[in-house]
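Dear colleague,

I am handing over the structure that we spoke of, and I would be glad if you could look through it alongside the notes in this message.

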Amino acid sequence: MESTASKQLPPTTKGNMTQPRPLSTFSSASTHVDILTPITPPTITPSLTLSTTPAPPVDPENGVSTKEMIVDSPPEGGLQAWLTVAGSFCITTAVYGLSNSVGVIQPYWAQHHLSSFPIQDIAWISGANIFLCLFLGVQVGPWFDRFGPRWLLMAGSLVYLAGLVGLGFLPEESDVHVRQGVRAPGVMYGLLMLLWAIVMGSGAALCCTVALSVLAHWFEKKRGLAAGIVFVGSSVGGAAFPLVLRTTLPKLGWAWSMRILALIVASLLSIGNILIKGRIKGRRGSGAINFACFRDASFLWTTVGCFSMCLLDFGLGSGVGRLVAGAISDKIGRFNTMILTTIFSIITTFAVWMLVETDRMWLIYLFAALFGFGTGCVISIGPICVGQLTVPSKFGQYYGTSYSVVSFS
């Protein structure tokens with residue numbers, strides 16, 4: 001006979017078979033523990049601390065943290081911002097203004113220093129100056145993003161002044177043949193190419209790239225107006241320096257005219273070095289040339305557009321057009337302004353230039369004013385359109401790379 005206890009054994013399940021549980025699994029107490037089942041101690045999971053601060057972004061170009069690139073929005077004004085605009089104005093007045101004065105300097109070379117050279121050969125000197133000023137921006141721009149404006153602007157100012165002071169030691173035509181004989185014309189051409197084109201062109205690249213790129217540190221919504229003010233300096237210098245030269249060259253000669261120019265330029269560059277300040281800490285990286293920005297189709301076509309407009313007119317744009325176009329672009333958009341002023345220039349060509357005849361020569365002056373107003377916008381709006389396609393910390397690279405292409409125009 002089976003015991004009562006064995007009849008009351010609860011079943012256990014193992015697979016599809018039902019077996020009685022052994023008596024050894026019971027205890028006399030109301031609670032029991034299955035001695036056949038191992039007791040697994042509880043797993044203690046360490047508490048995780050969740051950070052609410054997001055990880056800094058990574059620069060895809062350099063593969064490093066770009067925490068230093070995170071800055072607040074540009075202040076769009078303030079004392080230091082407008083002092084920086086004033087300093088950049090002084091830089092463009094000194095550098096671009098003197099480059100625009102070649103209409104007085106080049107004929108003087110043709111009459112004195114380089115009288116044995118045709119005018120087209122002499123023009124290579126001034127052309128090389130402008131070319132290097134723009135082309136070298138492809139390297140100066142990344143340096144600006146890496147190191148900021150201070151040392152680059154100082155170095156550019158010293159290099160530019162060194163070339164200008166060196167011009168003051170070149171002899172006049174009357175002294176050339178006595179001192180250097182029949183080889184003098186070739187030697188003089190080489191010296192002018194070295195000082196005016198290479199040395200001053202390199203210094204101009206450092207100064208002007210910094211003076212324009214630093215505006216992105218302080219302005220976004222008002223960047224067009226700021227750039228328009230800065231580029232007016234080019235027109236101011238282009239009007240003032242020829243007046244000085246037309247007075248000093250006949251009376252004082254070449255050497256003292258260059259020394260007077262060097263004094264004026266040194267004063268303007270000194271003011272620029274004092275007033276211009278950067279706001280964004282240099283981004284990490286080598287500061288080397290990088291053409292990866294051309295992968296952006298918008299950047300590529302913007303560069304093509306600036307090249308085309310500068311091919312028509314680089315240095316002859318009206319200062320009024322530069323200022324007005326810059327201010328309007330902040331209201332209606334930079335690319336919209338570029339399109340409208342381009343259409344305006346095309347209409348001016350067909351509506352005014354095509355009507356010029358010998359008995360209506362006054363139309364030439366009207367065309368010069370209207371066409372200069374229209375094409376002048378590319379000087380101030382072109383770099384701002386480029387700046388629309390990148391962040392302020394990379395503006396120098398984008399601007400320098402774009403205008404290195406424009407330099408071939």
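Predicted model: local features only at pLDDT ≥ 70, side-chain atom pairs only at ≥ 80, totals over all residues.

The largest nonpolar core has 64 residues, of which Leu-98, Trp-109, Leu-164, Leu-167, Trp-254 and Val-265 touch the most other members. Several helices give two or more residues to this core, among them helix 2 (79–99), helix 3 (102–111), helix 6 (150–167) and helix 15 (395–406), while helix 9 gives the most, with 14 residues. If residues up to four places away in sequence are set aside, Trp-254 touches Ile-105, Tyr-108, Trp-109, His-113, Leu-167, Leu-170, Glu-172 and Leu-249.

The structure holds one salt bridge, in which the side chains of Arg-223 and Glu-220 meet at 2.6 Å, N to O.

On the surface, Val-324, Ile-328, Ile-332, Leu-340, Phe-344 and Phe-373 form a nonpolar patch, with about 450 Å² of accessible area together. The elements that give two or more residues to the patch are helix 11 (319–332) and helix 12 (334–351), and of the contributing elements helix 11 gives the most, with three residues. Ile-332, which lies in helix 11, has a relative accessibility of 37% and therefore counts as partly exposed.

With best wishes

Notes
Residues numbered from 1 in each chain as written. Heavy atoms only, no water. Patch = residues over 30% accessible without salt bridge, like charges linked within 9 Å, V, L, I, M, F, W, Y side chains within 5 Å. Areas by Shrake-Rupley, 256 points an atom, 1.4 Å probe, with all protein chains shown as cover. Salt bridge = Lys/Arg side-chain N within 4 Å of Asp/Glu carboxyl O. Helix = DSSP H or I, 4+ residues; strand = E, 2+ residues; numbered from the N terminus. Buried < 20%, exposed > 50% of the residue type's maximum accessible area, 1.4 Å probe, protein only. Core = buried A, V, L, I, M, F, W, Y, C linked by side-chain atoms within 4.5 Å. Contact = heavy atoms within 4.5 Å.
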